[in-house]
Amino acid sequence: MTSTIKTRKRLFTFASCLGIILVQLDVSIVNVGLHSLKEAYNAAVSDLEWVINAYALVFAALMLSSGTVVDKLGSKKTFITGVVIFIFASVFCALAPSIYWLDIMRAVQGIGAALLLPSSLTLLRQYFSDPKERTSAIAMWASSGALALVAGPVLGGALIKYLGWKSIFLINFPLGLISIAIISWLAKAGEISPKKINYSSQFLIVSGLALFTFTLTEAGQFGWASPVIITTLIAGLLMLIAFRKLDSKADNPVISHEVLANPLITSAVVVGFLCNLVFYGAVFIFSIFFQNKLHLSALETGLAFMPMMALTALVNFSSKWFVNWLSIRSLSLLGSIISLVGFGMVMFVSPDWTATQLFIPMVLLGSGTSFAMPVMTNLVLGQATNKSAGSASALFNCARQMGGVTGVAIFGLLLSSAGVDNMTAGLKMVSFAASVITVIWLIAGYRKLPVQKLHSL
């Protein structure tokens, strides 16, 4: 292999990895900017929840049809379109005149993310014909996403300290342009498929999830007995019921009938949802607690998150060994117990605690979810047939993202109910709620997941 070919392959892998880096970096980097956004826009906790959830909600819901879009438009065109949408929305996030415009642009970022994440992986699968090279490239892709989560808080903190909060959005622009230039140069057009997108079902699922998110996020402001909250709750239920009925009869369903009929896939989806609920909900709350209660700077907050994120990534990287030693059920139980211990420790937080005293519980709850998540991912992909693999992956990723959305909304609601002057009590309430949800995860894993090891299924 000539040096020119090797260089092109490395550049192509790098450009494709930038796709998942953009998506995952935006998940973690914005959290450390919440205090700066609060001051810039005089925002309430519910406003800050929307900054996180507007992105994650649209990203999650559109993931269900993103595989079909890739097949219909081709991976190259879908990737470039996704990056263009993402980076221009990022620029408008930095220029947003109000928190409401910022939320809208965050939702547009979610559209771009939903397009570029699956297309970046498909590009690698199509570009590398040699199985060993393909496996190596995909491993680099997955590692890039994990490293982006680790680097996000520290990078975000440094950017805010030296360049201001707008820079956490503007950083996406040069990274996106680099990836577009390389993919435009090296990627082939690829084959396209005549698959049809189920617009009716997609509209219903997006609308239903959005209404539920609104209900959870704004219940603290309006009150649960408010006509607005009752209306959005009922409307959300009706939308999801309509989606399920319509999708079950469709020739091109958003969620494959075969996937929903597999109990192991649906069990893994439930566990994945609960894992991300407690993890990303906790990350959101700790970000606010560190900056509003402990008065840490954005950079100090990023550094405080570093051990948690680093060990989370390390456990993810080590998952290939754990699945050989322990059963699927055991890994889920181990993860839930470790997370439960972490949240249990946070329930003893006192007003004079420092970030250092939260080090151990944060590391525990972060690594706990990482014991369960990789094996759930492999269980979903292993149980799906070639025909349903795309749908199974999309459903699992949607559930994970919606878990994060739900966690941010529920935990944010609890923190708001305690008030900004009593955040220690609010953190205790969040920890108790997270412990209850983790127990549900433990029970679900024990009752629904198999006792076999992954490779024996």
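The following legends describe close-up views of a predicted model.

**View 1. The second largest pocket and the helices that line it.** The second largest pocket in the predicted model has a volume of about 490 Å³, and its lining is made up of 20 residues, with Ile205, Leu209, Leu240, Cys398 and Met402 lying nearest its centre. Two or more lining residues are contributed by each of α9 (199–222), α10 (227–249), α12 (263–293) and α17 (389–418); of the elements, α17 supplies the largest share, with 6 residues. Sorted by class, the lining comprises 17 nonpolar, 2 polar and 1 charged residues.

**View 2. Ser16 and its contacts.** Ser16 belongs to helix α1, which spans residues 3–29, and it counts as buried because its relative accessibility is 0%, where the cut-off for burial is under 20%. When residues up to four places away in sequence are left aside, Ser16 touches Phe79, Ser120, Leu123, Leu124, Trp141 and Ile183.

**View 3. The aromatic pair of Tyr41 and Trp165.** Across the whole structure, a search finds 13 aromatic pairs, and one of them joins Tyr41 and Trp165, whose ring centres are 5.7 Å apart and whose planes stand at 65°, so that the pair is classed as edge-to-face, a class that requires an angle over 60 degrees. Distant parts of the chain are linked by this pair, since Tyr41 lies in helix α2 (residues 34–41) and Trp165 in the loop between α6 (131–163) and α7 (167–170), 124 residues apart. Tyr41 and Trp165 are both buried.

**View 4. The aromatic pair of Trp50 and Phe214.** The rings of Trp50 and Phe214 form a tilted pair, with 6.4 Å from centre to centre and 40° between the planes. This pair, too, links distant parts of the chain, with Trp50 in helix α3 (residues 45–73) and Phe214 in helix α9, 164 residues apart. Trp50 is buried, with a relative accessible area of 14%, whereas Phe214, with a relative accessible area of 26%, is partly exposed.

**View 5. An aromatic cluster of Phe12, Tyr127 and Phe128.** In this view, ring pairs connect Phe12, Tyr127 and Phe128 to one another as a cluster.

**View 6. The charged end of Arg329 over the ring of Tyr446.** Here a charged group and an aromatic ring are brought together, the charged end of Arg329 being placed over the ring of Tyr446 at 5.1 Å from the centre of that ring.

Conventions: Residues are numbered from 1 along each chain as its sequence is written. This is a predicted model: local features need pLDDT of at least 70, side-chain atom pairs count only at pLDDT 80 or more; totals for chains, interfaces and linings use all residues. Side-chain values use heavy atoms; hydrogens and water are left out. On a 1 Å grid over the protein atoms alone, a cavity is a set of points where a 1.4 Å probe fits but cannot get out, and a pocket is an open set with protein on both sides within 12 Å along at least five of seven lines; lining residues have an atom within 4 Å of a point. Grid points are joined across faces, edges and corners, and a volume is the space filled by probe spheres set on the points. Helices (H or I, at least four residues) and strands (E, at least two) are DSSP runs, numbered from the N terminus. Ala, Val, Leu, Ile, Met, Phe, Trp, Tyr, Cys and Pro count as nonpolar, Asp, Glu, Lys and Arg as charged, and the others, Gly among them, as polar. Buried means under 20% relative accessible area, exposed over 50%, partly exposed in between (1.4 Å probe, protein chains only). Contact means heavy atoms within 4.5 Å. Rings of Phe, Tyr and Trp (its six-membered ring) pair if their centres lie within 6.5 Å; planes under 30 degrees apart count as stacked, over 60 as edge-to-face and the rest as tilted. A charge sits over a ring if NZ of Lys or CZ of Arg is within 6 Å of the ring centre and within 35 degrees of the ring normal.
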